[in-house]
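Subject: Structure handover

Hello,

Please find the structure below, with its sequence. My notes on a sheet and on a chain contact follow.

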Amino acid sequence: MNFPLEQPIFQFFYWLVNTPGVGAGVVGLLVGAAITTFALTLRWIASAKDVEQEAYPYPPKL
Amino acid sequence: MQQTLTLHDRDELLTPLYQFDRKFWTTIAALVLVIAPGILLYIRQLVLGLGVTDLNRPVFWGAYLVNFIFLIGVSMAGTVISATLLLLKVNWRRPITRIAESLTVFGLMTAGLQIIMDMGRPDRLVFTLLYGRLQAPLMWDIASLTLYLLTAIFALYLQLLPDIALLRDTAPATAPEWRKKLYTILSLNWRGNKEQWTRLEKAMLVVSIFIIPIGISLHTVTSWLFSTTVQPGWKSTILGPYFVVGAIYSGIGLLFIATTFARYYNKHLKEYITEKFYENLGWFFIVMSGVWFYFTLNETLVATTEQETLEFPVVAAKLFGEFAPAFWGMNLLMIAATWILVAPKFVSDKPSRNLFLQTTTGLAATAISVVIFALLSLRLPALSDPNLQTGLLLAFFLFFLLALLGVTKWLKTRLITATVIASAFVLFGMWLERWNVLMPTLTHARLAPYTTYHPTVTEIAVTISTFGILTLMFVVFYKFFPSVSVWEVEEGRALEQGSGD
Amino acid sequence: MTDWCMVIDLEKCVACQGCSIACRMENNTPVVSPEEAKNGRAIRWNDVFPLPVHIAPDQGEYPNVKTHYSTRPCMHCKNAPCVKVCPVQATYIDEEGIVRQNYDRCIGCRFCTMACPYGVRYFNWFEPQWEETLAEYRNPDQLSVNGSLEGPAVRPVGVVEKCTYCVHRLEKAKARAKAEGRDFRADEYVPACVQTCTGKARFFGDLDDPNSTVSQLSKSLRATHLLEDSGAHPKTLYLAEG
């Protein structure tokens, strides 16, 4: 019989979806990746040095 | 020119942030009064157990889940309005993106709260992190919700960044020290140089691209919570897109109400959030109502025609049974909302002597049709005569039509009022729609006797409290940050001047 | 591998509800007030109900009345929908094919109760209560799995519970066999409902053993499952009324 669960790869997939903690791990990975990306983006924005020494007129000096 | 405009803006948008006047405290006090009963009753539920609700077997999910879907739905506002319009480079988006994005964040936060309130053991919430299984649909929802919330917060923060820097640089001397410190920390050393602006715009573009599929994933995953079970009426594949459409529809509704609330709260905002916004987004609102009607028809038509023995009692309960008032009420609210948006565009604004176009006629007809609807909904035994019922139905349709006709002229000259009324109808209708998806199925389970579900005072108070918390977050947040994105408005003006002259 | 299975002969069932009561006493199912029961809060791991469920039970005019009853423990599905949707694996299928519930793990989200097409899963809306005399006669049997109590242990408020085929009896029978230094035999254990059944309508045993009563009965032409279309591959078998 050709039941997919006899193949190791499907057994691995079943283990992946059925094991308690793995799901949390995947969610953790997603959240971790998102937070890291966001933090790095913010650092990338904040760390920008003015290359041309020409300030954008905002916020204006009053 | 640029300079004076900025001074003007600062006065109107930034100064109110430091004015803790009586109006603010009254609002806070009123909101606390609205929220408090729900919190007290929730604590009672924590102590006694979920038995204080009217949940039973087989109605295992109730008003909390309805609120959850509804709040997830309205949180779609930020994604659609802000991200889509940014990608399309639509200029009138600028004054309302801030409100739209913050609504997403607050909506998702209160939605998460509903799930915790619905849990039998909220103390074991951490188990979802310790033992989470990927096969469980609830886990997909947790993943999607968390990701969406994080992305929404990030999008809001990115958009806030230049404004926080502005607040840091312009804080009045009288401002409390901690607020200055807060702005300094949050502004991340934003100096507004050219490179920073370039990078910020790039990041905002990428986030806008990503947040749309993430948002759609959350709305569809929420529908999968239902369609992955074998309950009658939920196996429909239309649920996913239906939820997304409903989400966009109600999201726009909430956005209109929130912007109008903000305009009412800070009179100066009227200069920024103009009628143009109501006009433009109103057209999209009308389109969404059409799409929503089509999906509702699809959902009902398929279920009535497919001859599925288990599903038919569910549809029958919706069309003629105990859920008929909610189902037809929802449809009538949506029809009225669409009419309010569309009809005034087809009449002239000159006063008319036609009796059917008088406001008084409209209001009287509204009152009569509401009374007839209530009479029909109550199912009094005295009114069970078929001829009488048919007569009442016909009278209802007549008066409903008269009501719609009568108010058209009045709405013509009041675009914002009309939009807000339509939005309120849509929001209430969408809450009923979520109710109509859940409750008829839950009360008509397969192997358990049919039951009823009437939310108890706990559920009602918690629901009111939830919307109170949503409003409170909104009010408090906009005491710290301007409700209009100052830099985006500035940028828009600069662009207009650049291209116009 | 043992595969526990129950066969219910509806021809023999007299709808006395003895199984329901035996189950209640064996598994310490909390009692609820009549008002709560009317509101659908009663917990009956083993329910006896008229068929079809949603139409008035007695059909026909007196004296030509026809009434059908059915009795329903957990189906212990091979493809259990409740197990699939549990976010924390508080419910699981053990090696011997019994769908079990871990009360210490359950977060009370009630997704399993939603997913079960048979409605065999019950939620503890309040802290379980017993009247004084009833409380004295609670089943003292305990079944501990990795430090958490299962089976007849008194459930806390806010968790889901269900029929376990009296799995604590199985553990007890195994322990007895071990103490007596012999191999455990499948016919040493039956759930309380099977033991008590007035009409001897219930059979229990190992479906993997071709010679067991349940295996023999499962080959009957009358053998059927409840809601075959649910796709859950239920294991509890019914012998239809002829």
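In chain C, strand β1 (residues 4–9) runs antiparallel to β10(C), and 5 bridges join the two. Strands here are DSSP runs of E with at least two residues, helices are runs of H or I with at least four, and both are numbered from the N terminus; two strands pair if DSSP finds at least two bridges between them. One of the residues involved is M6(C), whose bridge partner in β10(C) is F204(C).

This is a predicted model, in which local features need pLDDT of at least 70 and side-chain atom pairs count only at pLDDT 80 or more, while totals for chains, interfaces and linings use all residues. Residues are numbered from 1 along each chain as its sequence is written, and chains are lettered from A and ligands numbered from 1 in the order in which they are written.

The open sheet in chain C has 4 strands in the order β10-β1-β12-β11, with mixed pairing. Strands β10 and β11 (223–224) of chain C are at the edges with a single partner strand each, so one side of each has no neighbour in the sheet. Even so, 5 of the 5 residues of β10 (residues 202–206) of chain C are buried, so the strand is largely enclosed by the rest of the structure. Buried means 20 or more other C-beta atoms within 10 Å of the residue's own, with C-beta atoms placed from the backbone.

The contact involves 37 residues from chain B and 32 residues from chain A, counting residues whose C-beta atoms, placed from the backbone, lie within 7 Å. On the side of chain B that touches chain A, α7(B) gives the most, with 11 residues.

Regards

Terms used
A residue is buried if 20 or more other C-beta atoms lie within 10 Å of its own, exposed if 12 or fewer, and partly exposed in between; C-beta atoms are placed from the backbone. Two residues are in contact if their C-beta atoms, placed from the backbone, lie within 7 Å.
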